Amino acid sequence: MQRQVAVIGGGVVGLASAVRLARDGHRVTVFDHDDSRQAPSWNNAGHIAIEQVEPLASPASVRSAWRRRFAAGGALDLPPAMARDWLVFLPRYLAASRPSRFRHGSAALGSLLATAMPAWRRLAASLDTPGLLREDGHLVAWCDARAAQAGAAAWRRAQTGAVTVADAGAEDRARIAAVCAVPIAGAVRFTGSGQIADLATLVDALEAALESAGGRIVRATANVAVRDGRATIVGHDADLVLVAAGIGSAPLLAAAGEPAPLIAERGYHIRAAADHWPADCPPIVFEERSMIVTRYADRVQASGFVEFGNAAAPPDPRKWQRLEAQVRALGLAMAPPFSRWMGARPTLPDYLPAIGRSKRVANLVYAFGHQHLGLTLAATTGEIVAALIADRPAPFDCAPFSLERFGARR
């Protein structure tokens, strides 16, 4: 049945879903006010991280939090100025990090991630953009021998799904040496993960595919209202509403009584010209510095930090300064001038996304809260959303991703 579907959010999850729905024959309108493309979807590390089966709501993350804090040189920050935001989030996160909840979350996330790369192959092939999806894995490197030994052992013990981990060979070590002046004490190669070759090319291709399938994009903010048990977009007609607005999803769902305890998990990056960064170099994670470096088209990007707070708060310049200092300390082949970006990943306390159909509002569907895995899970989320709207069975149990897990608001 052809329906008029309003998609709120033009990030990678929203667009991937909209393309699939339009190709299924629905009349799709995407509402997206981010015409400058500042969303995390178009500024992330580009990594198809199907190895991250274990949610970051875990006993190990809780145990290591103190040594990973920003004040001690780490990537984790709970800014006092934003305590009102993270003090509400923290108890839920700690509860989700208990061993039993962690095991449940790992099983659910593993099932979802197992579908991610096949879905990306299908989507990338349909976009007719050769080379967009690269499946040449990624590297993790350490400068300190003790850290290398411990880090490599930890990755070998971890659940990584379909991805395999092995010591980096001579060719991969040469790749790292070509872009890093500091000697590397150890490195491992991940096989089975991937990368989007260029995020700007991806968004152009998705928007073109949507329009080619008969969909349209409205550069405006959309507001949800619920009338007689059905969701509507204020000022627009819609048979179905899909909320895929990232960090902005919670207030949109409030009218439907759906709990969405999101927090802005803010990340930072710097970019520079890729004049001396080999085009065939896969993403490299410098794990001691919690930094991932990725080549995109003519730019190279260094990304990092997990800063819990408010999406609207001003950026912390110290994060960019530290990224630049790390680039200098490692002697990386990226030189100023640097462009700077900060954005808010939409994160739920258990580090599982919210994908499902509202139990309270019959024509409301949602897909958000993908935290670090928005790019990774975008293609498969689009397929799941299309199945939900067509009342087709999903490829696995979607119950762990329902907002019902957080309870209903009165």
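Angles under 35 degrees count as roughly parallel, over 145 as roughly antiparallel, 65 to 115 as roughly perpendicular and the rest as oblique. The model is predicted, so that local features need pLDDT of at least 70 and side-chain atom pairs count only at pLDDT 80 or more, while totals for chains, interfaces and linings use all residues. Residues are numbered from 1 along each chain as its sequence is written, and side-chain values use heavy atoms, with hydrogens and water left out.

The axes of helix 5 and helix 11 (lines fitted to C-alpha atoms over the stretch in contact, with angles from 0 to 180 degrees between N-to-C directions) come within 8 Å and cross at roughly 75°, and the two helices are therefore roughly perpendicular to each other. Helices (H or I, at least four residues) and strands (E, at least two) are DSSP runs numbered from the N terminus. Contact means heavy atoms within 4.5 Å.

| Helix | Residues | Contact residues |
|---|---|---|
| Helix 5 | 116–126 | Ala116, Ala119, Trp120, Arg122, Leu123 |
| Helix 11 | 374–389 | Leu375, Thr376, Leu377, Ala378, Ala379, Thr380, Glu383 |

Leaving aside neighbours within four places in sequence, leucine 202 is in contact with residues including Trp120, Ile196 and Leu375.
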